[in-house]
Amino acid sequence: MRKQVFAIVALVAMMSMQGYAEAMDERNDNDTLVINYPRKVTIITGDSLQTIKVDGRHDDYDFRYENTIQLVDSNYVSDVNINSDRWDFGLPFSLKKKGSQGGECDEEVTMHLGIGRNEALGTPNGMDVSVGVSWEIFWTMLQWDYKTNKGRDTWSVGFGVDWRNYRMTGHQRFVKDNEGNILLTTYPEGAEPQFSRIKVFSLQVPLLYSHRLARKFSLGIGPVLNWNTHSSIKTRYKVNGEKYKDTAKDARVTPFTVDIMGTIRTPLLDFYVKYSPCHVLNTTFAPKFQSLSFGIYF
């Protein structure tokens with residue numbers, strides 16, 4: 001008998017979602033909820049529990065409806081949630097908070113990861129940074145997203161960390177002299193170069209705007225503020241088969257820099273590109289160059 005009742009409840013719920021050819025609106029009439037063009041409908045049935053979940057609707061891709069009916073002491077107890085706060089364990093990891101009844105403004109807390117390659121622009125002669133072995137990894141640990149226009153426009157502010165290296169594999173290397181200057185010099189005679197790199201670690205605050213053009217497709221742009229807190233130099237080479245490693249801290253980076261970041265979100269992969277018009281190193285003590293990076297964005 002219980003399963004028959006649950007089947008009837010499920011049938012009624014499915015019938016309430018058949019408004020595909022009807023006017024595209026949502027109404028509440030005699031406790032009836034009509035959801036046009038749902039993205040996904042999930043019905044979970046047990047011996048004493050029936051749960052109906054609806055994800056998405058025609059005007060809100062992130063809309064969520066959940067109705068749970070439970071048999072308690074021969075009585076049915078119903079629990080309904082529409083756009084309630086919830087953790088989403090996908091990528092990006094997020095906590096969503098929406099306006100009542102799917103309002104115009106939604107809030108979301110997300111986490112993002114970017115992995116890409118670095119290019120040094122405007123380098124002096126001899127500074128041959130190889131983009132194939134120069135990496136960037138950044139992690140936005142906390143980002144607050146404010147969505148308007150039914151989720152089409154998103155304004156974001158976040159906080160995270162960034163790790164970048166600029167690696168040369170040619171015949172020049174980075175050296176820090178006794179006065180703290182960063183110089184480009186050749187390797188010792190007879191040396192077999194492996195690499196010479198500068199690493200920069202930063203705390204960063206992204207300020208981004210994105211616009212959703214279609215489902216799972218959007219474009220974003222905005223500045224990223226960087227506080228460059230740590231840097232170092234490492235060089236590896238061999239002489240007559242013997243390995244050498246030279247290291248130095250404080251590569252005299254520019255303390256504060258700004259990147260211009262763009263993002264492209266697609267149904268398959270998300271991408272980013274960042275360009276900094278600022279010099280990576282303090283040009284009073286080191287060579288001049290700017291940074292360009294690009295890669296995958298999660």
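**Labels and their cut-offs**

Reply: Gladly, and let us start with Asp246, which counts as partly exposed because its relative accessibility is 31%. Buried means under 20% relative accessible area, exposed over 50%, and partly exposed in between (1.4 Å probe, protein chains only). This is a predicted model, where local features need pLDDT of at least 70 and side-chain atom pairs count only at pLDDT 80 or more, while totals for chains, interfaces and linings use all residues. Residues are numbered from 1 along each chain as its sequence is written, and side-chain values use heavy atoms, with hydrogens and water left out.

Me: What makes Arg173 buried?

Reply: Its relative accessible area is 14%, and the cut-off for buried is under 20%, so Arg173 is buried.

Me: Why are Asp246 and Arg173 called a salt bridge?

Reply: A salt bridge is a side-chain nitrogen of Lys or Arg within 4 Å of a carboxyl oxygen of Asp or Glu. The closest N and O atoms of Asp246 and Arg173 are 3.3 Å apart, so the pair meets that rule. Strands (E, at least two residues) and helices (H or I, at least four) are DSSP runs, numbered from the N terminus.

Me: How many salt bridges does this rule give, and which residues are linked in a network?

Reply: The count comes to 12 salt bridges. Glu136, Asp162, Arg164, Asp259 and Lys274 are linked in a network of them. Asp259 and Arg164 form a salt bridge, with closest N and O atoms 3.3 Å apart. Asp259 is in strand S17 and Arg164 in strand S11, so this pair ties together parts 95 residues apart in sequence. Both Asp259 and Arg164 are buried. Another salt bridge joins Glu66 and Arg64, where the closest N and O atoms are 3.6 Å apart.

Me: What makes a space in this structure a cavity?

Reply: On a 1 Å grid over the protein atoms alone, a cavity is a set of points where a 1.4 Å probe fits but cannot get out. The structure holds 2 cavities of 30 Å³ or more, and about 70 Å³ of space lies in the largest cavity. Such a volume is the space filled by probe spheres set on the points, which are joined across faces, edges and corners.

Me: How do you know which residues line the largest cavity?

Reply: Lining residues have an atom within 4 Å of a point. The lining includes Arg164, Thr257 and Asp259. Strand S11 (153-168) and strand S17 (256-265) are the elements that give two or more residues to this lining. The lining residues divide into 4 nonpolar, 4 polar and 2 charged. Here Ala, Val, Leu, Ile, Met, Phe, Trp, Tyr, Cys and Pro count as nonpolar, Asp, Glu, Lys and Arg as charged, and the others, Gly among them, as polar.

Me: Why is Thr257 called buried, and what does its side chain join?

Reply: Thr257, in strand S17, has 7% relative accessibility and therefore counts as buried. A polar contact of 3.3 Å joins the side chains of Thr257 and Asn228. A polar contact is a pair of N or O atoms within 3.5 Å; within protein, one must be able to donate a hydrogen and the other to accept it, and residues adjacent in sequence count only if both atoms are side-chain atoms. Not counting residues up to four places away in sequence, Thr257 touches Val224, Ser276 and Cys278, among others. Contact means heavy atoms within 4.5 Å.

Me: Is Arg212 buried or exposed?

Reply: Arg212 counts as buried because its relative accessibility is 18%. Arg212 is in strand S14 (residues 191-214), and its side chain reaches the backbone oxygen of Lys150 at 3.3 Å.

Me: What is noted about the phi of Asn149 and Asn240?

Reply: Most residues other than glycine have a negative phi. Asn149 has a positive phi near 55 degrees, and phi of Asn240 is also near 55 degrees. Asn149 sits in the loop between strand S10 (135-148) and S11, and Asn240 in the loop between strand S15 (217-239) and S16. With a relative accessible area of 41%, Asn149 is partly exposed, while Asn240 counts as exposed at 76% relative accessibility.

Methods: 1 Å grid on protein atoms, 1.4 Å probe; cavity = no way out; pocket = protein on both sides within 12 Å on 5 of 7 lines; lining within 4 Å.
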